[in-house]
Amino acid sequence: MTLTRITRLLELVGLLQSGRGHNAQSLAVNCRVSRRTIFRDLDILRLAGVPLEYDEQEQRYRILGMNFLPPTNFTPEEALSLLVLCYDLGDRSGIPFHAPARAAAIKLESALPERLREYLREAAGAIHLRLGATSGSNASAPVYQQLIGAIARRRCVRIEYDSFSDREIIRTKLSPYRLLFSRRSWFVFARSSVHRQTRTFNVARIRNLEELDERFQFPRGFSIERQLRNAWHLIPEPGPDQEIVVRFEKLVAKNVGEVTWHKTQHLVWRDDGRLDFHVTVSGIQEIAWWILGYGDQVEVLQPQALRDLIISRCQQMLTRYRDTGSLPKTGGRTGGVPRAARKRATSKRRARLS
């Protein structure tokens, strides 16, 4: 049974246990499906043991004598948390589950006693949530729903994918295993017929998806954690894991130390307030971008391959700014780098080695 049908059946139950009931046409309009689909859904509810009754005189269906989905006695804290999460996030969450959750929050609020409702409105108005950048989910929501259904039915899918690594639109058949929401986007872990291995695909980059009749077997022992190994985020690289040591200057050390960035991290605080950040990762490309975000307040101590990668990126940045004429025309430079800065860098290297 698809997620879409399950959602519709729950909606149907809500309609049938409220008011005087509904006829088939009214249910079809409310659920946005045909009368034929409604009759099939009603049969499913009967088989599931839902106490469905039909009034032949009024030609209406209803659930009498009980609330099939009884109301829950929420505490003020529980109700507040749900309302704040669903209201304050608005449409900015980028999470497909947010829309039905917000609809549920509206129903929850309407069912609360007036005094509690006023208290929650006042409390919710004092709380604000702010998320980082997220990818737009509206366009990818249908694809997301299709993937949920394909995973549930163990069906392969054929996709057109705007591949960042291949720099073109590729077409491949996937065996979709799992979905993951991480940081900004939804990702699907799937075996690709083109790549002949399990890869990670950004759902927002899927341009077209077709579910196939072909079924797949879920691989024994598969897990997202095992697939990612010790990747900094989502892209593990071939080869053994590497021990990374990065030194942060005092200005940013505390901010870095307050966050759990990776499951393997280990912090070593120095007497001068600087921080040595130790971590074991499966590849250096992803962590390099994170390090570059701290500019001149960070230095890679090991491995040499990561130091060389950071140096290469910095040199490319310097070349870009120099070629566009953005560097200030001041004296005392050698190769585009101020002598004072070169001396400070040399002193830092000597201190590190001492």
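I began with strand β5 and found 6 bridges joining β5 to strand β6 (residues 197-202), the two running antiparallel. Strands here are DSSP runs of E with at least two residues, numbered from the N terminus, and two strands pair if DSSP finds at least two bridges between them.

A note on the source: this is a predicted model, where local features need pLDDT of at least 70, side-chain atom pairs count only at pLDDT 80 or more, and totals for chains, interfaces and linings use all residues. Residues are numbered from 1 along each chain as its sequence is written, and side-chain values use heavy atoms, with hydrogens and water left out.

Serine 182 has serine 185 in β5 as its bridge partner. This hairpin has 2 residues between its strands, and arginine 183 in the turn has a positive phi of about 60 degrees.

How many residues of β5 are buried? I found 7 of the 8 (residues 185-192), so the strand is largely enclosed by the rest of the structure. Buried means under 20% relative accessible area (1.4 Å probe, protein chains only).

Last, I turned to isoleucine 244 in strand β8 (residues 242-248). Isoleucine 244 is buried, at 1% relative accessible area. Leaving out residues up to four places away in sequence, its contacts (heavy atoms within 4.5 Å) include Phe277, Val281 and Gln302. The C-alpha atoms of isoleucine 244 and glutamine 302 are 5.6 Å apart, with the two residues 58 apart along the chain.

Notes
Helix = DSSP H or I, 4+ residues; strand = E, 2+ residues; numbered from the N terminus. Buried < 20%, exposed > 50% of the residue type's maximum accessible area, 1.4 Å probe, protein only.
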